[in-house]
Amino acid sequence: MRRVITYTLLLLFATLATIEARGEKPIVSGRFSKDSIEVGDLVEYIIDIEADRATVIGVPDFDTATPDERKREVQAKGKMSTYETYDEDIFELIEDYPIDTLEVDGRRLRLRKRYLLATMETGKIPMRPTLLYFDKNREIPDTLYAEEMLFLNVKSYEELDTTLFLRPDPMSQQGFGVDTDKAMTLLKDEGINTQKNLPFIFGEIRDYVIYSAIAIIVLALMLYLLLPVLKRYLAQRGAIVKPKPKMPPHIVAIKALEELKNRKLCENGKHKSYYTSLVSILKVYIDGRWDISVLDKTSAETMVALRDVELPRECRSNLIAILETADFVKFAKVVPEAETNEVLFIKAYYFVENTKAEESVVHDKKEINFETPIDE
């Protein structure tokens, strides 16, 4: 029994040691910023690394160092080249960015190394992300390769927009020729100018599409979940208020007439203001009662607009008297007597009362008309 326990403990220690050893081994992956470019264009080459703090990492070095220089770099455990067979005719290093620390999780680090490269060949160029690392118990570095091979599609000059270099040439059969000076100037100052009608490769925009779709879905779900809560909150705060029912035109007119009377404008010598308000109240009533807009019409035009409206003769006469008197006050500066003001106010009141629409409601499935007495 004791021997079994001993073997079990030894096996457990060996497993833990294996796990620890595996945990110290870095993880490498890489990608290009674009899947497809044109020859001579720039592209970012990105390597993501996950490693233990104690592990010394050697990232790729796109240079033309000699073997002796690389050996000294390796022995110094510093910057190391993993591209001993690197061909400078394929890529040209434009900028070497410093290593960025993306995340620190205990003893584990997430690092990122970026290079800005220019391509010098066309076709489907392979690239396997690679790095060197020193284990804490080793003096010679190990080479670590990513699981997936990368490919960069480099297009040729076939789509070069040569029309930029043409000039009229009467001596040529085609009627035009190539302006070599202009071509050399454009190539020197602006680089290769190509037609921008190449189709998208999904790989170039895949991340944008995926992240945009996720963002839209999350936003839609948040709105869907928050909308009922927002409605309840606004209802409790009184933000959602049902509009008050619209009052009948004659009720509005009667209230306005009462307010006008209480202002005592004529008693204070403000006859013009009084008759302007009186006519405005009646015109607003006419607009609401018969849907005839007369607010911007003269007295004569108002009566013409009411020509086809069935009005009692007395009501029509009263309205004419009010409009004419108001015109005299506003334009001829006539000052009516107090008795005239009172009489015209009463005529305005009864004009509204005698021409208002009949109100009716349904009660116990029977229509009740307020203009007729209700049977007990």
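## Salt bridges across the structure

Seven salt bridges are found when the whole structure is searched. The model examined here is a predicted one. Side chains of opposite charge can pair when their charged atoms come close.

One of these salt bridges joins E44 to R114, with 2.8 Å between the closest N and O atoms. The two residues belong to distant parts of the chain: E44 lies in strand β3 (residues 42-52) and R114 in strand β7 (residues 108-119), a separation of 70 residues. R114 has a relative accessible area of 22% and is therefore partly exposed, since the buried class is limited to values under 20%.

## Further charged pairs involving strand β7

E50 and R108 also form a salt bridge through their side chains, at an N to O distance of 3.8 Å. This pair likewise links distant parts of the chain, with E50 in strand β3 and R108 in strand β7, 58 residues apart. E50 is partly exposed, its relative accessible area being 30%.

A salt bridge at 3.3 Å, N to O, is formed by the side chains of R110 and E103. R110 is partly exposed, with a relative accessible area of 34%. E103 is assigned to the partly exposed class as well, at 39% relative accessibility.

K113 is located in strand β7. With a relative accessibility of 5%, K113 counts as buried, because values under 20% define that class. The side chain of K113 makes a polar contact of 2.4 Å with the side chain of D96.

When neighbours within four places in sequence are set aside, the residues in contact with K113 are Y45, I46, I47, V59, D96, Y97, P98 and I99.

Strands of a sheet pair through backbone hydrogen bonds, either parallel or antiparallel. An open sheet is built from three strands in the order β4-β9-β10, with antiparallel pairing. The edge positions are taken by β4 (56-58) and β10 (142-145); each has a single partner strand, so one side of each has no neighbour in the sheet. On average, and with direction ignored, neighbouring strands of this sheet are turned by 35 degrees against each other.

Three bridges connect β4 with strand β9 (residues 130-134), and the two strands pair in the antiparallel sense.

Conventions:
Residues numbered from 1 in each chain as written. Predicted model: local features only at pLDDT ≥ 70, side-chain atom pairs only at ≥ 80, totals over all residues. Heavy atoms only, no water. Salt bridge = Lys/Arg side-chain N within 4 Å of Asp/Glu carboxyl O. Helix = DSSP H or I, 4+ residues; strand = E, 2+ residues; numbered from the N terminus. Buried < 20%, exposed > 50% of the residue type's maximum accessible area, 1.4 Å probe, protein only. Polar contact = N/O pair within 3.5 Å; in protein donor to acceptor, adjacent residues only side chain to side chain. Contact = heavy atoms within 4.5 Å. Pairing = 2+ DSSP bridges. Axes fitted to C-alpha atoms, helices over the stretch in contact; angles between N-to-C directions.
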